[in-house]
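Subject: Structure for you to look at

Hello,

Here is the structure I promised to pass on. Please open it alongside this note. My findings follow below.

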Protein chains: 2
Amino acid sequence: MRPTVHDIAAAAGVSLATVDRVLNQRPGVRHVTREKVETAIRELGYVRDVAAANLAKGRTYPLVFILPASDNSFMHGLNAEIRQAVLRSSAERTDIRTIEVPAFDPAALVSVLEELSREKPCGIALVATDAPDVRAAVDRLVRERFPIVTLVSDLTGSLRHHYAGVDNIAAGRTAARLLGRFLGPRKGEIAVLAGSMLVRDHRERLEGFTAVMAEEFPDLAILPVLEGRDDPEVAHRLVADALGNAGIIGVYSLGAGNRGLIRALKEKAVDRVLTVIAHELTAHTRAALIDNTIDAILNQDAGHEVRSAIRVLKAKADGLAVIEAQERIRLDIFLKDNLP
Amino acid sequence: MRPTVHDIAAAAGVSLATVDRVLNQRPGVRHVTREKVETAIRELGYVRDVAAANLAKGRTYPLVFILPASDNSFMHGLNAEIRQAVLRSSAERTDIRTIEVPAFDPAALVSVLEELSREKPCGIALVATDAPDVRAAVDRLVRERFPIVTLVSDLTGSLRHHYAGVDNIAAGRTAARLLGRFLGPRKGEIAVLAGSMLVRDHRERLEGFTAVMAEEFPDLAILPVLEGRDDPEVAHRLVADALGNAGIIGVYSLGAGNRGLIRALKEKAVDRVLTVIAHELTAHTRAALIDNTIDAILNQDAGHEVRSAIRVLKAKADGLAVIEAQERIRLDIFLKDNLP
DNA sequence: CCAATTTTGATGTACGTAAATCAAAAAATC
DNA sequence: GATTTTTTGATTTACGTACATCAAAATTGG
């Protein structure tokens, strides 16, 4: 049996009350006594029974998710996963609130973060917009001891405790290698469709993509990036235009708005041998993968990201360790054969 | 606040003791009374606080893992992950025991399963050997209400509650498409290295592989399968021999023993352009992926499999629902760019 | 050395559930 | 209608921790 507070008290030769004072960092314990207790804790390998403690405290974990108000499949999926988590909240003792902020608007995000500092949630997950002000606001909250994880899009260089999302540079590199290998010895041009170069994850994907292309596939030339603003209509127009160029043999779509891309491909490229790699598995991209319009889909599992963020925030709130390997968000590569 | 047993008692107009009798299916409750309580439970949406219940019961979950005594990297990894889980067992209230049985030996597995029926663990995870006797033994245990999950290798058609492993047919299909696409328009022969055709997961991978090859890549001819018994030495000899055939342009290694494969490739194929796809990420395959000896690695994450098996067994033991999406074991595809 | 202060101990209640006991009430049997 | 049997209620203890209170002891300051 694992040791309890009683065992600690006995081993340290102090009373239960003193052990409690040490464990919950209450005042009124002499330094030497505190050390006796801490030694006993270490020697017996005591670990607080979190379930019992939470029961006694009647503890819940008020968590806040801050999401951009973007109208694309991925964000809808993310929202749906958060709603699923809310359904489980009574069993998990969480109390989850979602705040939507205008997309690509650092100031709005910062003001929400500042409000939260007053509200005292026990953890914050945010889809970060990459700006110095945001970084500063996050760092401030971390210093005030709020557990913070970034979701989907990271805030490199900030003090956030954890990032629940994929490595976007690796994603871009992977897309490049897949495209390069699929195209084999062919020479030609590659069209790249992004949402916006203002978003860090898109920039990083592009960075990884161009790096591998330059290093390993010199026969493939990357055309100037098309910025579709994650909007199907815009994407459709841009891609349809671009396909006027007969030299294009491959397409990498690294953002959202794939509905437009797929429509353009079906209209303009039925008779051409194009290799297409896109991000995010949705009903549309899935269908396109199956009918060979798309050759591979890179995906991040929004459900995993949300569940991971919650686990990490709870653990940080309790000062517990997380299982690192479990919290790594993997880049899923889907061909038509391994669709879930 | 979520309702407690007290609320149920009040709502149903009965005493706490009666609610307890209903909840824990103790005898001595009239049918009408039981229904009153059950109605109240439904109407208030009561769900038992598992943490509090476990605390009161002093419950632990005695779990058994049955593994084949195979000396390969994957099984070593699996064992290591189970040991990690054992380290967490006090926090997770589990009590995990591992039993090793001779590999590919249905009789041994069956006799272990029969012993367990007496020992009464609250859950069993096994790497199944695919044989009718094993199926029958598993079905018998399921009927005796033991939660059972298969691990890594499934037992199709049995009553096991869950399978914690990848879809091996999909894995084989994915390997075929990757190989086919990487090879592009080239014609030639493909060598396949397996462990043993007696193991279900290997058979399934081969099945998926040959199916896609036949459907979609008719220019690639699959050579007779080399059975390396997951042994590096045997694999080395077989592959080295096979590479005498100059028509080989691709290799699919669907089992273990990749150390031997890699050695053979480095000795015999330095000057050839071979495309190689292998299973299981180990130190060796990882290095080979980085130095371009291998082109892609398909992997199943043993840590995820173990943690998932434990979660599912605990949930089944408590009669709780599992988050299906969370328990799906994914086929990881690693190129040199997205290695963890 | 006494008083003021700090530190420690002893004890009780609570969290939500499990499990047991014994008495009381209701139902079934003859 | 009395007796047996079944069903129900009331109450208590326990799980491991948190938290509060009050008294007792130890330490500090003067």
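A residue is near a molecule or strand if one of its heavy atoms lies within 4 Å of it. Helices are DSSP runs of at least four residues, numbered from the N terminus. With that in hand: helix H1 (5-12), H2 and H4 of chain A, together with H2 and H4 of chain B, each supply at least two residues of the surface near DNA strand D. Please keep in mind that this is a predicted model.

DNA strand D

Of the atoms of DNA strand D that come within 4 Å of the protein, sugar and phosphate account for 71%.

Which element gives the largest share of the surface near DNA strand D? That is H4(A), with four residues. By residue class, the surface near DNA strand D divides into 11 nonpolar, eight polar and nine charged.

- Val5(A): a polar backbone atom is 2.9 Å from a phosphate oxygen of DNA strand D.
- Asp49(A): a backbone N or O atom lies 3.2 Å from a phosphate oxygen of DNA strand D.
- Thr18(B): an N or O atom in the side chain is 2.6 Å from a phosphate oxygen of DNA strand D.

DNA strand C

Now the other strand. DNA strand C is surrounded by 28 residues. The closest are Ser15(A), Thr18(A), Arg30(A), Thr33(A) and Arg48(B). Within 4 Å of the protein, 71% of the atoms of DNA strand C belong to sugar or phosphate, and the rest belong to bases.

Several elements give two or more residues to the surface near DNA strand C. In chain A they are helix H2 (16-23) and helix H4 (50-57). In chain B they are helix H1 (5-12), helix H2 (16-23) and helix H4 (50-57). H4(B) makes the largest share, four residues. The surface near DNA strand C holds 11 nonpolar, eight polar and nine charged residues.

Domains of chain A

Chain A is divided into domain 1 (5-48), domain 2 (57-165 + 302-327) and domain 3 (168-299). Taken over C-alpha atoms, the centres of domain 1 and domain 2 of chain A are 34 Å apart.

The sheet in chain A

Chain A has an open sheet of five strands. The order is E2-E1-E3-E4-E5, and the pairing is parallel. Strand E2 (94-101) and strand E5 (162-164) of chain A are the edge strands, and each pairs on one side only. From one strand to the next, the twist averages 20 degrees.

Look next at strand E3 (residues 123-126) and strand E4 (residues 148-151) of chain A. They run parallel and are joined by three bridges. Ala125(A) stands opposite Val149(A) in E4(A). Helix H7 (residues 106-119) of chain A packs on the sheet. H7 touches strand E1 (61-68), E2 and E3 of chain A, and its direction makes about 150 degrees with that of E2(A).

The sheet in chain B

In chain B, five strands form an open sheet in the order E2-E1-E3-E4-E5, with parallel pairing. Strand E2 (94-101) and strand E5 (162-164) of chain B each have a single partner strand, so one side of each is left without a neighbour in the sheet. The twist averages 20 degrees from one strand to the next.

Strand E3 (residues 123-126) and strand E4 (residues 148-151) of chain B pair in the parallel sense over three bridges. Val149(B) in E4(B) is the bridge partner of Ala125(B). Helix H14 (residues 302-318) of chain B packs on the sheet and touches strand E1 (61-68), E2, E3, E4 and E5 of chain B. The direction of H14 makes about 140 degrees with that of E1(B).

Best wishes

Notes. Residues are numbered from 1 along each chain as its sequence is written. Chains are lettered from A and ligands numbered from 1 in the order in which they are written. This is a predicted model: local features need pLDDT of at least 70, side-chain atom pairs count only at pLDDT 80 or more; totals for chains, interfaces and linings use all residues. Side-chain values use heavy atoms; hydrogens and water are left out. Ala, Val, Leu, Ile, Met, Phe, Trp, Tyr, Cys and Pro count as nonpolar, Asp, Glu, Lys and Arg as charged, and the others, Gly among them, as polar. Two strands pair if DSSP finds at least two bridges between them. Axes are lines fitted to C-alpha atoms, for helices over the stretch in contact, and angles run from 0 to 180 degrees between N-to-C directions. Contact means heavy atoms within 4.5 Å. Domain bounds come from an automatic or database domain assignment. A polar contact is a pair of N or O atoms within 3.5 Å; within protein, one must be able to donate a hydrogen and the other to accept it, and residues adjacent in sequence count only if both atoms are side-chain atoms.
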